Amino acid sequence: TELWCYAMEWAARTMSLTAHNLPALKTRTPEEALNGQTPDISEFANHSFFEWIWYRDLRTYPEPSICLGRWVGVASDVGQPMTYWILTEKCTIIARSSVKSLQAFEKLDAVIISQQEAFMRSIYEQKALSSDFSSPWITADDKEPDDDVVPDWEAEVYTTPEADAFTPESYDEYLSAQVTLPVGGEVRRGQVVRRKRDHNGRPVGVRNSNPILDTREYEVEFPDGTTQSYAANVIAENLYSQVDEEGKSYSVLSEIVGHDKDSSAMTIEQLEASGKPCFTTVGWRLLVSWKDGTSSYVPLREMKDAFPVEVAEYATASMIAKEPAFRWWVPFVLKKRDRIISKITKGKGKYWTRTHKYGIELPKTVAEALDIDRRTGTTFWREAIEKEMKNVSVAFKFNDDDSIPIDYKHITCHMVFEVKMVGLVRKARLVAGGHLTDPPVDSVYSSVVTRESVRIMFT
């Protein structure tokens, strides 16, 4: 019973120096997470609890100075580093620094096995225990017999889960972020794909809430398939400098290189058959080349607001200005071209993307959110959805018989997704279709227009 305190101390220290399958630790040990420094595990890596060892004792000749003992822990507060607690044959605990484990051939040596039996017999006699010392502690291979093996169900309960299934990418806020970075003498847009690792396979750097003190490094993949390493503070600096106060990033237009339309786009025949003007851009999208070397399809309605003159000139050059999606506004823009260019000073030549925020892709539906998690190997959006549904569940009441209340009003609900600036935290909000119900008489709503609408109105 006197060894329990040593066993519990050893178990607690071992657990604090072991990485666990806990997302909050981010692959670090509990001690590193608490102190901020990587702990030294040398004292615990060489020996296991109650292991047979040789230790040097201060004895006079002719008694041997190398004695057999049991390793029962690290003596952190005694002597120099690498000092251990040793159980001696006299059933006393001493601190020694000259300690080494038994080698494989020594564990099979008949003389040493007899010394182990004599050692345990002495312990049993001094503690008035049973004289039957056929203990599982004493075996030729230093292993416990099968009849004392811990059952499988008990091992599952008490065994610490392995952290191998957890990767630093699983809960990394910068992962999948799109950011424009300097490459050589130019700037290019890339995507953060993974943490950088050293030659031992360990992630480089340690996370810090202050981006300046964050020492993590990442691998960024560019459209041509090449990857380069960047520090977290470089990514953060470029990421936040390329967004507005709402977190929307911008791309600098190079040229419009193509267009496309689907079956929902109105044709000239349909417009003539209707006999009245139709103000629509549905079904059209433009293939745009950006200054950072990327290209993407952008809906016509967004390009029309961001680059009215460029789109109008492209439509005229491509012989599509007579299409219903262009004919109602292109002549006016070309006529007022010089005036529009002189008025649009702020944000000139920039397209503020609506699909990303702080470089993080924003889903529009739950299916898109789960697909992003699947593609990036993370669970950010899934956890945000689960958290929101847990928080709002108290607002819902279900009848025991699943009956529908009388005079109920059917209202559709959907998720709205957001990315917070601090920590790039993903948020999900469940909102109801308020337009499907009559507004409360005690509430007053005022509409809000966008800056783009005000700008276009004054042009």
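In which loop does K26 lie? In this predicted model, K26 belongs to the loop between α1 and α2 (30–35). With a relative accessible area of 29%, K26 is partly exposed, because that value falls between the limits of 20% for buried and 50% for exposed residues. The C-alpha atom of K26 is separated by 9.4 Å from that of V206, although the two residues are 180 residues apart along the chain.

**The chain as a whole**

The protein chain has 459 residues, of which 33% count as buried. Its secondary structure comes to 16 helices and 17 strands. Among contacts with a separation of 6 or more, 55% are made by residues 24 or more positions apart. The chain exposes about 29,000 Å², and carbon and sulfur atoms supply 55% of this area.

**Helix α14 and its surroundings**

Helix α14 spans residues 366–376, and its buried residues are A369, I372, D373 and T376. Seen down the axis of α14, these buried residues fall within an arc of 100 degrees, so they line one face of the helix. An α-helix has 3.6 residues a turn, so residues three or four places apart point the same way. The face of α14 turned away from the buried side carries A367 and R374, which are exposed. On the buried side, the packing partners are β15 (360–361), α15 (380–392) and β16 (413–419). Just after α14, G377 takes a positive phi of about 70 degrees.

**Cavities**

A search of the whole structure finds two cavities of 30 Å³ or more. The table sets out their volumes and the classes of their lining residues.

| Cavity | Volume | Lining by class |
|---|---|---|
| Largest | about 60 Å³ | six nonpolar, two polar and two charged residues |

The lining of the largest cavity consists of Y6, E9, W10, R13, F44, V72, G73, V74, S76 and W85. The elements that give two or more residues to this lining are α1 (4–16) and β2 (66–74). Helix α1 provides the largest share, four residues.

The second largest cavity is lined by S176, I360, E361, I372, D373, T376, T378, F380, W381 and R426. At least two residues of this lining come from each of β15, α14 and α15, and α14 has the largest share, with three residues.

Most residues other than glycine have a negative phi. Which values of phi do C91 and M319 take? Phi of C91 is near 65 degrees, and that of M319 is near 60 degrees; each is a positive value in a residue other than glycine. C91 is found in the loop between β3 (84–87) and β4 (93–96). M319 lies in the loop between α10 (308–317) and α11 (324–327). M319 has a relative accessible area of 73%, and it is therefore classed as exposed, the cut-off being over 50%.

Terms used:
Residues are numbered from 1 along each chain as its sequence is written. This is a predicted model: local features need pLDDT of at least 70, side-chain atom pairs count only at pLDDT 80 or more; totals for chains, interfaces and linings use all residues. Side-chain values use heavy atoms; hydrogens and water are left out. Buried means under 20% relative accessible area, exposed over 50%, partly exposed in between (1.4 Å probe, protein chains only). The arc is that of the directions from the helix axis to the C-beta atoms. Contact means heavy atoms within 4.5 Å. On a 1 Å grid over the protein atoms alone, a cavity is a set of points where a 1.4 Å probe fits but cannot get out, and a pocket is an open set with protein on both sides within 12 Å along at least five of seven lines; lining residues have an atom within 4 Å of a point. Grid points are joined across faces, edges and corners, and a volume is the space filled by probe spheres set on the points. Ala, Val, Leu, Ile, Met, Phe, Trp, Tyr, Cys and Pro count as nonpolar, Asp, Glu, Lys and Arg as charged, and the others, Gly among them, as polar. Accessible areas come from the Shrake-Rupley method with a 1.4 Å probe; for residues, only the protein chains shown count as cover.
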